Amino acid sequence: MPKARTKGAGEESYFVYLVAGIAALAGLLFGYDTGVISGAILFIKDQFHLSPFAEELVVSAVLLGAVIGAASSGTVSDRLGRRKSIIITALLFTLGATGCAVAPNVWILIICRLVIGIAIGVASYVAPLYISEIAPPKTRGALVSLNQLMITCGIVVSYLVDYALAGDEQWRWMFGLGAVPAAVLIIGMISLPESPRWLMSRNFTEKARAVLSRIRRTEDVSGEMKAISDTLTQKTAGWNEILRPWVRPALIVGIGLALIQQVTGINTVIYYAPTIFRDLAGFSSAKVSILATLCLGLVNVFMTVVAIWLVDKVGRKPLLYWGMSGMILSLGVLGLAFKLPSMAAGLKWIAVGSLVVYIASFAVSLGPIFWLMIAEIYPLKIRGRAMSLATVANWGFNMIVAATFLTLTQRLGASGAFWFYGVMAIGGLFFTYFFVPETKGHTLEDIEKYLRSGRKLKELK
Ligand code: BGC
């Protein structure tokens with residue numbers, strides 16, 4: 001089908017970058033608040049004399065909260081709008097971070113971590129959703145992926161903060177510092193406009209026109225407005241709409257990519273890298289392990305920049321193919337390295353090298369593309385709800401993988417666990433080939449029209 005693009009000087013509007021940059025702060029909070037616990041937990045455990053169960057609760061409260069947040073907010077983002085949802089989320093972040101910092105006992109701490117989790121669950125999809133509805137098609141991939149870039153930066157910043165504050169056991173500050181970007185996000189979002197697409201779906205046509213003119217830097221936005229309003233002719237927009245046969249292929253893509261993003265093991269590396277380095281690869285000092293983990297975090301950031309540079313040029317599917325192939329290869333080698341009798345010096349470095357290739361391959365593909373694609377493929381009227389569903393799946397699988405990694409390594413050995421993730425990535429290649437569309441360069445309205453036409457989604461090119 002022909003690739004409709006927005007015309008005019010508007011495509012170069014810097015305002016769009018500002019909007020995307022501020023909204024992507026939600027990604028920074030996502031990364032920071034999931035990463036910070038790895039360092040903080042060591043001191044919390046000692047201070048509150050935590051039982052293993054309480055420790056698990058402190059660590060997993062965020063994941064549980066994220067599932068709850070994503071599950072309960074789909075209707076909110078469709079009803080209240082994207083902008084208000086992000087503002088509410090940022091308030092929750094601030095509240096949760098401050099609460100953690102002053103928590104008098106472990107139960108308050110767990111509740112505050114749950115609140116942060118709820119905020120992460122909502123922010124993880126509303127931020128990409130908002131950016132995708134503001135961005136012009138030509139640079140939408142890059143702009144939405146800014147959110148993923150901020151996630152990776154948030155993870156690195158959390159490692160750095162943990163590292164810097166570990167000497168004085170300042171775990172309260174580790175959490176409390178999260179309130180700073182949250183406050184910036186609130187202030188930033190208050191000054192930004194609502195998504196023009198959401199405004200039109202709520203019949204605020206004139207407001208939508210004003211926002212579009214501002215972000216496209218042209219008065220002539222009637223073409224884009226017409227395309228949006230054409231997709232809004234259908235009245236129905238309840239949860240039942242999500243289950244309609246014509247929406248189903250998009251649901252399969254969203255939930256399938258959520259599954260693949262998580263069951264290929266990314267968060268076992270993000271959450272357990274120091275353990276992998278120390279216990280499995282035999283690095284003797286904890287400090288070296290943490291530094292090595294920091295390097296992985298930086299590779300994650302750098303390769304996300306590469307993805308941003310490539311995603312609108314080569315497209316989403318080629319990146320998925322390259323990235324998953326790299327993951328399969330590195331997981332295979334990693335498993336092999338752990339299979340050999342003892343982690344001799346050389347092998348140790350092979351293991352580290354494989355982890356680097358693995359994280360680089362994820363960062364250039366599944367990392368940004370899952371969040372990007374779920375912001376692109378759903379029809380406007382139910383976009384918030386459908387995205388929340390895919391996001392629940394993502395956090396749900398995340399939880400399952402995190403909870404089973406240590407058992408998996410006990411049962412199958414480290415090699416078995418990594419090979420298992422590798423096999424899942426092979427499944428991911430097939431899934432991409434058989435189900436995933438190429439959304440590069442299409443307007444969101446084009447994609448919706450195509451979906452409604454009932455043609456095979458994977459044939460959208
Ligand atoms: C994933 C997270 C992961 C992060 C790592 C995100 O896209 O959803 O689960 O921790 O990437 O960079």
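This is a predicted model: local features need pLDDT of at least 70, side-chain atom pairs count only at pLDDT 80 or more; totals for chains, interfaces and linings use all residues.
User: What is the volume of the largest pocket?

Analyst: The largest pocket has a volume of about 1500 Å³.

User: And which residues are closest to its centre?

Analyst: They are I41, E55, V59, Y271 and Y272, out of 43 residues that line the largest pocket.

User: Which helices each supply at least two residues of that lining?

Analyst: α2 (25-35), α3 (37-48), α4 (52-72), α7, α8 (140-166), α16 (266-280), α17 (286-310) and α21 (383-435) do.

User: Which one gives the most?

Analyst: α4 does, with 10 residues in the lining of the largest pocket.

User: How do the lining residues divide into nonpolar, polar and charged?

Analyst: The lining of the largest pocket has 28 nonpolar, nine polar and six charged residues.

User: Switching to packing. At what angle do α6 and α7 cross?

Analyst: Helix α6 (residues 82-102) and helix α7 (residues 106-134) cross at roughly 155°, and their axes come within 8 Å. An angle over 145 degrees counts as roughly antiparallel, so α6 is roughly antiparallel to α7.

User: Is that crossing left-handed or right-handed?

Analyst: The crossing of α6 and α7 is left-handed.

User: What kinds of residues make up the contact of α6 with α7?

Analyst: That contact has 18 nonpolar, four polar and three charged residues.

User: Now α20 and α21. How do they pack?

Analyst: Helix α20 (residues 366-374) packs with α21 at an angle of about 150°, and the axes are 9 Å apart. The two helices are therefore roughly antiparallel to each other.

User: Which residues make the contact?

Analyst: From α20 they are F370, W371 and I374; from α21 they are M387, A390, T391, N394 and W395. By class, the contact of α20 with α21 has six nonpolar residues, two polar and no charged.

User: Last pair: are α1 and α2 roughly parallel or antiparallel, and why?

Analyst: The axes of helix α1 (residues 14-23) and α2 cross at roughly 25° and come within 4 Å. Angles under 35 degrees count as roughly parallel, so α1 and α2 are roughly parallel to each other.

User: Which residues meet there?

Analyst: G21, I22 and A23 in α1 meet L25, A26 and G27 in α2. The contact of α1 with α2 has four nonpolar, two polar and no charged residues.

Technical notes
Residues are numbered from 1 along each chain as its sequence is written. Side-chain values use heavy atoms; hydrogens and water are left out. Axes are lines fitted to C-alpha atoms, for helices over the stretch in contact, and angles run from 0 to 180 degrees between N-to-C directions. Angles under 35 degrees count as roughly parallel, over 145 as roughly antiparallel, 65 to 115 as roughly perpendicular and the rest as oblique. A crossing is left-handed if the near helix is turned anticlockwise from the far one by less than a right angle, and right-handed if clockwise. Ala, Val, Leu, Ile, Met, Phe, Trp, Tyr, Cys and Pro count as nonpolar, Asp, Glu, Lys and Arg as charged, and the others, Gly among them, as polar. On a 1 Å grid over the protein atoms alone, a cavity is a set of points where a 1.4 Å probe fits but cannot get out, and a pocket is an open set with protein on both sides within 12 Å along at least five of seven lines; lining residues have an atom within 4 Å of a point. Grid points are joined across faces, edges and corners, and a volume is the space filled by probe spheres set on the points. Contact means heavy atoms within 4.5 Å.
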